[in-house]
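Biologist: I would like to go through this structure label by label. For each one, tell me the value and the cut-off behind it.

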Amino acid sequence: MATTKAKAGLNNEGSPYRETNVSRTEASSPALSAGGAAPLSVANNSRTYSLDDFDTVATVGTGTFGRVFLVKDKKTRGFFALKAMKIPDVIRLKQEQHVHNEKEVLTEVNHPFLITLFWTHHDERFLYMLMDYVPGGELFSYLRSRGRFSNSTGIFYSAEIVCAIEYLHSKEIVYRDLKPENILLDGEGHIRLTDFGFAKKLSDRTWTLCGTPEYLAPEVIQSKGHGRAVDWWALGVLIFEMLAGYPPFFDDNPFGIYQKILAGKLEFPRHLDFYVKDLIKKFLVIDRARRLGNMKNGAEDVKKHRWFKSVDWEAVPNRRLKPPIIPKVSHEGDTSNFDTYPEDEWKKDTPVPPKDLEIFKNF
Ligand SMILES: Nc1ncnc2c1ncn2[C@@H]1O[C@H](COP(=O)(O)OP(=O)(O)O)[C@@H](O)[C@H]1O
Ligand SMILES: [Mg+2]
């Protein structure tokens, strides 16, 4: 069966439905230069890092413009994830603003279901982001290996995601890339959202066309501007995909997917719970003013939906719901829950000229 992941971004070649994890648009990593600005310390962390502090253990993910490595701190022997994005690719794909948004948003957030950013850096080839390493792997892998999740498993992940989205929206941040590839499981099985490459602090509405075809809301495809409502749409798609095993709108090319999204026709597999069908229908409403989560009471309306009746919402952000899947993690730096990636010549690019580096001087 398919185990490919989607490429976010609109230049997706597409597939019947995402079988492999090709990622978003592209990436590289940042670094520091002698004489450059002092590395910014991010999160509530006063340590100053340097790339020399780390040994690279393995690649745990590849993205559109780079890779995510498991690295080991030579001093403390602790593990981190280091996302490295190729600067020329970031520039070629016009993602400069997005990488700045990614840093800005991650610097501001602090929540049990979101990744923590400790440090950013850049050198002449890469932009770097140092995060905590989440060893359980992607929800995507568990979903594809199981085919689909039971109703109660779906409720657990959905409840944690609702809390994460509610928190982000309360800070005027829209996430814009919700999908199983970006939801990681920690050692106990709780979620951690990673990949804030499309996240954005909202001013009013925002118009960039970005995301992953299967998860795009109608207003994004139609360039009508899009705000928080896109995340509730994507949650509707995610819940459908978790319980059905495939997304509600799929086709072998993005254009076909967009047509299906705009046609708004939903076909549920027979086995779906009555209440979850009702919830999904309320998220996948084309008119975002009538979409659940995006009305006057915001996330409260979602939490009150009957499908979540068994959920103690106060317990959720305290990580007190019992995870349905406990990842097999034998030690802190275990990478067995991730795919293996060839450690090829990814580092062989030529350095970026100083004028191009200027754009990233604050990274
Ligand atoms: N903090 C992390 N811990 C463990 N794995 C991670 C972490 N961050 C990302 N990954 C892995 O790397 C993949 C790519 O990272 P992501 O930030 O999603 O890049 P892209 O923006 O290119 O999609 C993820 O899908 C995930 O498998
Ligand atoms: Mg990603």
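Modeller: Start with the whole chain. Of its 363 residues, 59% count as buried. Note that this is a predicted model.

Biologist: What does the secondary structure of the chain come to?

Modeller: Ten helices and nine strands.

Biologist: How do you know which contacts in the chain join residues at least 24 apart?

Modeller: By counting along the sequence. Take the contacts between residues at least 6 apart; 71% of them join residues at least 24 apart.

Biologist: Now K83. Why is K83 called buried?

Modeller: Buried means under 20% relative accessible area. K83 has 10%, so the label applies. The residue lies in strand β3, residues 79–86. An unreviewed UniProt entry annotates K83 as "binding site".

Biologist: What makes the link between the side chains of K83 and E102 a polar contact?

Modeller: The distance is 2.9 Å. The limit for a pair of N or O atoms is 3.5 Å, so 2.9 Å passes.

Biologist: How many salt bridges does the structure hold?

Modeller: It holds 21. One of them joins the side chains of D132 and R192, at 2.7 Å from N to O. That pair links distant parts of the chain. D132 sits in strand β5 (residues 126–132), R192 in strand β8 (residues 191–193), and they are 60 residues apart. Both D132 and R192 are buried.

Biologist: What makes R228 and E172 a salt bridge?

Modeller: Their side chains meet at 2.8 Å, N to O. The cut-off is 4 Å, so the pair counts. This pair also links distant parts of the chain, 56 residues apart. R228 is in the loop between α5 (218–221) and α6 (229–244). E172 is in the loop between α4 (151–170) and β6 (173–174).

Biologist: Turn to the helices. How do you know that the span of α4 agrees with expectation?

Modeller: At 1.5 Å a residue, its 20 residues should span 28 Å. The end C-alpha atoms are 28 Å apart, which agrees.

Biologist: What makes α4 largely enclosed by the rest of the structure?

Modeller: The count of buried residues: 16 of its 20 are buried, so the description holds. After α4 comes E172, whose phi is positive, near 60°.

Biologist: Does α6 call for a separate account, or what do its spans come to?

Modeller: Its 16 residues should span 22 Å at 1.5 Å a residue. The end C-alpha atoms are 23 Å apart, which agrees. For α6, 16 of 16 residues are buried, so it too is largely enclosed by the rest of the structure. Just after α6, G245 takes a positive phi of about 95°.

Biologist: Last, I286. Why does I286 count as partly exposed?

Modeller: Its relative accessibility is 35%. I286 lies in the loop between α8 (274–283) and α9 (299–303).

Biologist: Which residues does I286 touch?

Modeller: Not counting residues up to four places away in sequence, I286 touches P218, E219, W233, I261, L262, G264 and R291. I286 and I261 are 25 residues apart in sequence and 8.6 Å apart in space, C-alpha to C-alpha.

Key. Residues numbered from 1 in each chain as written. Chains lettered and ligands numbered in written order. Predicted model: local features only at pLDDT ≥ 70, side-chain atom pairs only at ≥ 80, totals over all residues. Heavy atoms only, no water. UniProt positions renumbered as here; feature names shortened; annotations may be inferred. Helix = DSSP H or I, 4+ residues; strand = E, 2+ residues; numbered from the N terminus. Buried < 20%, exposed > 50% of the residue type's maximum accessible area, 1.4 Å probe, protein only. Polar contact = N/O pair within 3.5 Å; in protein donor to acceptor, adjacent residues only side chain to side chain. Expected span 1.5 Å × (residues − 1). Contact = heavy atoms within 4.5 Å.
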